[in-house]
Amino acid sequence: MADLAPEDVRRLAASLSLPLTGDDVTEIAHRLNAFLDALAALDALPLEQVEPWQTRPEGSA
Amino acid sequence: MSPAGDDLAFAGTARQAALIREKRVSPVELVTTYLERIDRFDGRLRAFITICRASALAEAARAEADAAKGAWHGALHGIPFAVKDQVDTAGVLTTSGSALLRANVPRTDSTVVERLKAAGAILLGKLNLTEFALGGTIRFPYGQPRNPWNPEHDPGGSSSGSGIAAAAGLCSMTLGEDTGGSVRSPASYCGAVGLRPTWGRVSRHGCFPAAWSMDQIGPLTRTVEDAALVLGIIAGHDTRDPLTSRSAVPDYGAGLEGGVKGLRIGVVTELVDGADTHAEVRSAVREAARGLAGLGASAEDISLPHIHFAGAVFMALCDSEAAGRHKPWLATRPEEYDAGTRRRLVTAGLIPAVAVHRAARARALIREQVLAALGKFDLLLAPTSPHPAPAIASHTAPVTSKEDAAARFFGRRSYTTPASLTGVPAVSVPCGFTAAGLPIGLQLIGRPFAESTVLSAAHAWEQSAGLSTRRPALAAAGAAL
């Protein structure tokens with residue numbers, strides 16, 4: 001997937017009512033592209049073999 | 001002869017409690033010792049946001065009078081403590097490190113503060129942190145916290161002040177909160193002991209949340225013995241935190257001398273030998289593994305290949321939750337956030353839900369891998385951080401690319417977040433110093449609710465290594481550096 005440009009980020013943030021300043025947008029684009037790459041890489045894992053875990057650790061009463 | 005002055009400040013909580021009990025040191029003397037050190041050093045280190053000078057002295061006088069009458073309050077009678085400013089304290093400013101909460105004064109104590117006070121401890125002050133315990137703060141609204149071993153370097157976060165105060169002898173013991181490493185990282189960078197208990201072992205009631213399924217309060221202290229003492233007081237079920245365990249709280253101090261003989265320790269190769277791991281860190285941690293083997297444990301390499309994903313998975317889950325929590329303030333008061341926090345939260349608000357769901361499944365895989373390893377080994381061993389404390393300036397520079405962002409935000413978090421994602425206990429204990437004099441932290445990760453094993457192994461290492469007697473050479477505030 002192509003990286004998101006600052007203008008893409010500006011449109012996304014506006015649609016979600018998230019605040020952006022001129023100084024923020026470029027850095028947020030870098031951060032968001034880093035997330036999208038890192039989370040896309042998770043497809044290499046057998047994700048369908050597990051359910052999302054949101055409970056207590058073993059041993060907890 | 002009883003220790004006095006700086007020696008008393010560094011004597012450790014358990015020893016100080018014994019000295020008070022033996023009436024060789026008075027609570028007033030102990031509180032005054034720390035207040036004088038705070039006056040000398042904290043203008044530069046900025047560990048504290050609020051100092052409870054008058055109330056601490058009054059409480060100390062009361063503790064002294066009660067001791068004279070034989071009326072002991074508990075195991076921490078007359079011991080001064082300080083807590084991360086994310087944790088509520090009745091009648092005392094609690095900012096979470098943010099300008100947004102600059103006037104927030106809770107009416108009630110958090111459970112952990114309530115329990116420490118019930119054990120006789122005296123609140124000395126509130127400690128600095130990265131904004132809302134999220135990490136990445138560029139401009140700290142209550143002063144830039146600095147590493148006591150080199151003030152140009154980062155003290156770690158998010159419990160920055162807790163690590164500084166414990167390591168610099170500004171307080172007997174402190175509490176921090178660890179979501180993804182926020183107790184262990186400052187312990188590692190500052191040369192203190194930091195314990196993240198099992199998720200659910202300690203109440204989070206009265207603690208500003210970061211991520212509900214990972215937040216956990218824990219002690220930062222000068223010794224493992226002190227961490228065990230404090231954990232025994234703050235642990236246990238709390239009706240005000242329904243996610244706390246009802247399982248009994250063991251006597252952590254009693255098991256401390258158990259040693260490591262017969263323990264099986266897995267050395268996590270991805271974290272010890274990985275390309276991101278600084279050579280001096282790798283060397284010190286490998287030496288610690290050999291040292292523990294020399295004390296009777298077996299140390300064997302183990303590979304946990306999913307662990308590389310832990311940093312990004314953690315941030316996707318933690319930050320998306322935080323973005324949801326902060327949305328109302330982000331929408332109405334964005335300029336009151338530090339720029340680093342605001343960028344982190346807005347970024348998280350833009351991550352697609354399907355990607356967050358993928359991260360939740362990956363968390364389950366990482367958790368399975370860690371728990372399987374803990375089925376084979378009693379403990380997992382790794383560096384707490386891939387590198388010693390970096391220069392403060394390296395944190396505040398703008399992010400210049402997605403590669404820069406990934407390196408800064410995901411890589412180092414893969415060292416501490418496996419325990420967070422799994423919900424298991426982990427301790428950071430000093431295991432050496434770099435040639436430049438910066439501390440290196442050893443991380444020991446245990447099975448759920450096996451804090452006793454984690455602590456006894458850390459204690460055995462600490463006693464063997466003899467590093468807990470080292471003190472940072474501090475410059476008084478205003479002195480030439």
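This is a predicted model: local features need pLDDT of at least 70, side-chain atom pairs count only at pLDDT 80 or more; totals for chains, interfaces and linings use all residues.
User: Where does A436(B) lie?

Analyst: In a loop of chain B, between β10 (426–433) and β11 (439–446).

User: And how far apart are the C-alpha atoms of A436(B) and W149(B)?

Analyst: They're separated by 9.6 Å, though the two residues are 287 apart along the chain.

User: OK, on to the sheet. What's the strand order in chain B?

Analyst: It goes β1-β3-β2-β4-β6-β5-β10-β11-β9-β7-β8. That's an open sheet of 11 strands, and the pairing is mixed. From one strand to the next, the twist averages 25°.

User: Which strands stand at the edges?

Analyst: β1 (48–51) and β8 (298–302) of chain B. Each has a single partner strand, so one side of each has no neighbour in the sheet.

User: What about β2 and β4 of chain B, how do they run and how many bridges join them?

Analyst: They run parallel, with three bridges joining β2 (residues 80–84) to β4 (residues 173–177). As for partners, V83(B) is bridged to L175(B) in β4(B).

User: Switching to helices. At what angle do the axes of α11(B) and α12(B) cross?

Analyst: Roughly 110°, and the axes come within 8 Å. An angle of 65 to 115 degrees counts as roughly perpendicular, so that's the label for α11(B) and α12(B).

User: Which residues meet there?

Analyst: From α11(B) you've got D319(B), S320(B), A322(B), A323(B), H326(B) and L330(B). Facing them in α12(B) are R344(B), L345(B), V346(B), A348(B) and G349(B). By class, the contact has six nonpolar, three polar and two charged residues.

User: Last topic, the contact between the chains. How many residues does each one put in?

Analyst: Chain B gives 46 residues and chain A gives 37 residues.

User: Which helices of chain B supply at least two residues each?

Analyst: α11 (310–332), α12 (339–349), α13 (353–376) and α15 (402–411) each do, on the side of chain B that touches chain A.

User: Which one gives the most?

Analyst: α13(B), with 12 residues.

User: And what's that side of chain B like by class?

Analyst: It has 25 nonpolar, 11 polar and 10 charged residues.

Definitions and conventions:
Residues are numbered from 1 along each chain as its sequence is written. Chains are lettered from A and ligands numbered from 1 in the order in which they are written. Two residues are in contact if their C-beta atoms, placed from the backbone, lie within 7 Å. Helices (H or I, at least four residues) and strands (E, at least two) are DSSP runs, numbered from the N terminus. Ala, Val, Leu, Ile, Met, Phe, Trp, Tyr, Cys and Pro count as nonpolar, Asp, Glu, Lys and Arg as charged, and the others, Gly among them, as polar. Two strands pair if DSSP finds at least two bridges between them. Axes are lines fitted to C-alpha atoms, for helices over the stretch in contact, and angles run from 0 to 180 degrees between N-to-C directions. Angles under 35 degrees count as roughly parallel, over 145 as roughly antiparallel, 65 to 115 as roughly perpendicular and the rest as oblique.
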